[in-house]
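I opened the model and kept notes as I went. The entries follow in the order of looking.

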Amino acid sequence: MENTMDQYRVFGNPIAQSKSPQIHQQFAEQTGESLTYEKQLVDVEGFSAAAKQFFADGGKGLNITVPFKLDAFEFATQLTERAQNAGAVNTLKVLEEGSILGDNTDGQGLVSDMVDNLGWSLEGKNILVLGAGGAVRGVLQPLLEQSPARVVIANRTIAKALTLVREFKRYGKVQACGFVDLNEQQFDVVINGTSASLSGDLPPLPDMLLGEDAVCYDMMYGAEPTVFMQWAKQQGAKDIADGLGMLVGQAAEAFYVWRGVKPQVKPVITSLRKQMQS
């Protein structure tokens, strides 16, 4: 019998560690959507050829992980506003007339984890974002659309943070500073968008950075609390989270882009967390 199920994949290099097939399998089971989802190791120089082949063979959509988010941005024939702002694409979808839509669901994944899962309010809050790389660029538009009082981007090289300020100021109040400029400032929400916590490093953060009832979020995640999460605990943060919910949230948003159905994220986060800690 011919397999007529809609085909989806995640492209990356490396890809063995990807949790995406497991996440989307659970989404499909929950929603009754009939699809297959696999991971594919793609040669570093071979993204465009692999993507063309996938869509030529009738594939419906791709998730994109490291190092191909810029390749996917170039490959797409149409881009959503949030993908244009992110300068990177993590979701490709074939449209009815055959063109390829590029989207970026990372920022929505972060915001929905904070607001819907964790119950944090971002409206009217002073938000500090650490780092000014691709991960931060990808989340600024959705963050600013939550109407915070301001978003401050702190980075070792202020020039990179200032570039982001220029590009995103139309969405709300956004400022740039160096880590040394954080003394005597206080924030309600601190988001670590640097990959430093993966290598056990922490940006030089002053004491007294957290306001009363402040919450802290690390976009990275692991089986153990990251160094940023440990710092947040020492500083008395009211609530602390890692980026596992963001991972599941961006997948849920991609699923919605493809299928028009919003899956439940909480049971998937719970099962992944159990697996990581076993």
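In which sense do strand β5 and strand β6 pair, and over how many bridges? I looked this up first. β5 (residues 91–94) and β6 (residues 100–103) pair in the antiparallel sense over four bridges. Within β6, D103 is the bridge partner of T91. I counted two strands as paired if DSSP finds at least two bridges between them.

A note on the source. This is a predicted model, where local features need pLDDT of at least 70, side-chain atom pairs count only at pLDDT 80 or more, and totals for chains, interfaces and linings use all residues. Residues are numbered from 1 along each chain as its sequence is written, and side-chain values use heavy atoms, with hydrogens and water left out.

Next, the sheet. I traced six strands in the order β2-β1-β3-β5-β6-β4, forming an open sheet with mixed pairing. β2 (35–41) and β4 (78–79) stand at the edges with a single partner strand each, so one side of each has no neighbour in the sheet.

Then the helices. Helix α2 (residues 47–56) lies across β1 (6–12), β2, β3 (61–64), β5 and β6, and runs at about 175 degrees to β1. Helix α9 (residues 244–259) lies across β1, β2, β3, β5 and β6, at about 10 degrees to β5. Angles run from 0 to 180 degrees between N-to-C directions, with axes fitted to C-alpha atoms, for helices over the stretch in contact; contact means heavy atoms within 4.5 Å.

Last, the whole chain. I found ten helices and twelve strands, taken as DSSP runs (helices H or I, at least four residues; strands E, at least two) numbered from the N terminus. The C-alpha atoms fill a box of roughly 65 × 40 × 30 Å along the principal axes.
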